[in-house]
Amino acid sequence: AKRKIEGLGGRVTSSVSKQTDYLVAGEDPGSKYDSATKLGVRIIDENEFEVIKEDLDKYFNFNINNFQK
């Protein structure tokens, strides 16, 4: 997930803060999950992340193709 996020221009951090938009939680999320819950950060699983990634891929490919005409 880290490479995919960075490939889309996102930033991966080692801690959760109020500036965190999403936490991609696996099977054993640990203390980051607790921190995200307390801070009201949206928690998604890897399946949800893939859906978001696919939507972003489609959006960027659509816009890039429009500029290439």
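Asp45 sits in the loop that links β2 (42-44) to α3 (46-67). Helices here are DSSP runs of H or I with at least four residues, strands are runs of E with at least two, and both are numbered from the N terminus. The model is predicted, so local features need pLDDT of at least 70 and side-chain atom pairs count only at pLDDT 80 or more, while totals for chains, interfaces and linings use all residues. Residues are numbered from 1 along each chain as its sequence is written, and side-chain values use heavy atoms, with hydrogens and water left out.

**Charges on the surface**

Asp45 counts as partly exposed because its relative accessibility is 34%. Buried means under 20% relative accessible area, exposed means over 50%, and partly exposed lies in between (1.4 Å probe, protein chains only). Asp45 belongs to a negative surface patch, together with Glu27, Asp28 and Glu46. Patches are made of residues with over 30% relative accessible area and no salt bridge; like charges are joined within 9 Å, and nonpolar side chains (Val, Leu, Ile, Met, Phe, Trp, Tyr) within 5 Å. Asp and Glu count as negative, Lys and Arg as positive; His and the chain ends are not counted. The place of a charge is NZ of Lys, CZ of Arg, CG of Asp or CD of Glu.

How many salt bridges does a search of the whole structure find? The search finds 1. A salt bridge is a side-chain nitrogen of Lys or Arg within 4 Å of a carboxyl oxygen of Asp or Glu. The partners are Glu48 and Arg42, with their closest N and O atoms 3.8 Å apart. Glu48 is partly exposed, because its relative accessibility is 33%. Arg42 is partly exposed too, at 43% relative accessibility.

**A nonpolar patch**

Leu56, Tyr59 and Phe60 make a nonpolar surface patch of about 290 Å². Accessible areas come from the Shrake-Rupley method with a 1.4 Å probe; for residues, only the protein chains shown count as cover. Leu56 is part of helix α3. With 33% relative accessibility, Leu56 counts as partly exposed.

**The chain overall**

The chain has 3 helices and 2 strands. From the N terminus on, their order is α-β-α-β-α. Of the 69 residues in the chain, 13% are buried. The accessible surface of the chain is about 5800 Å², and carbon and sulfur atoms hold 48% of that surface. Contact means heavy atoms within 4.5 Å. Among contacts in the chain with a separation of 6 or more, 23% join residues 24 or more positions apart.

**Buried residues**

Ile44 belongs to strand β2. Is Ile44 buried or exposed? Ile44 is buried, because its relative accessible area is 2%. Which residues touch Ile44, leaving aside its neighbours within four places in sequence? They are Tyr22, Leu23, Val24, Ala25, Phe49 and Ile52.

Ala36 lies in helix α2. Its relative accessible area is 0%, so Ala36 is buried. Leaving aside neighbours within four places in sequence, Ala36 is in contact with Val16, Leu23, Val41 and Ile43.

Lys53 is a residue of helix α3. Lys53 counts as buried, because its relative accessibility is 18%. With neighbours within four places in sequence left aside, Lys53 is in contact with Lys4 and Leu8.

Thr37 is placed in helix α2 (residues 31-39). Thr37 is partly exposed, because its relative accessible area is 47%. Asn47 lies in helix α3. Asn47 counts as exposed, because its relative accessibility is 59%.

**Distances across the fold**

| Pair | Apart in sequence | C-alpha distance |
|---|---|---|
| Ile44 and Tyr22 | 22 residues | 6.9 Å |
| Ala36 and Tyr22 | 14 residues | 8.4 Å |
| Asn47 and Val24 | 23 residues | 9.4 Å |
| Thr37 and Leu23 | 14 residues | 9.7 Å |
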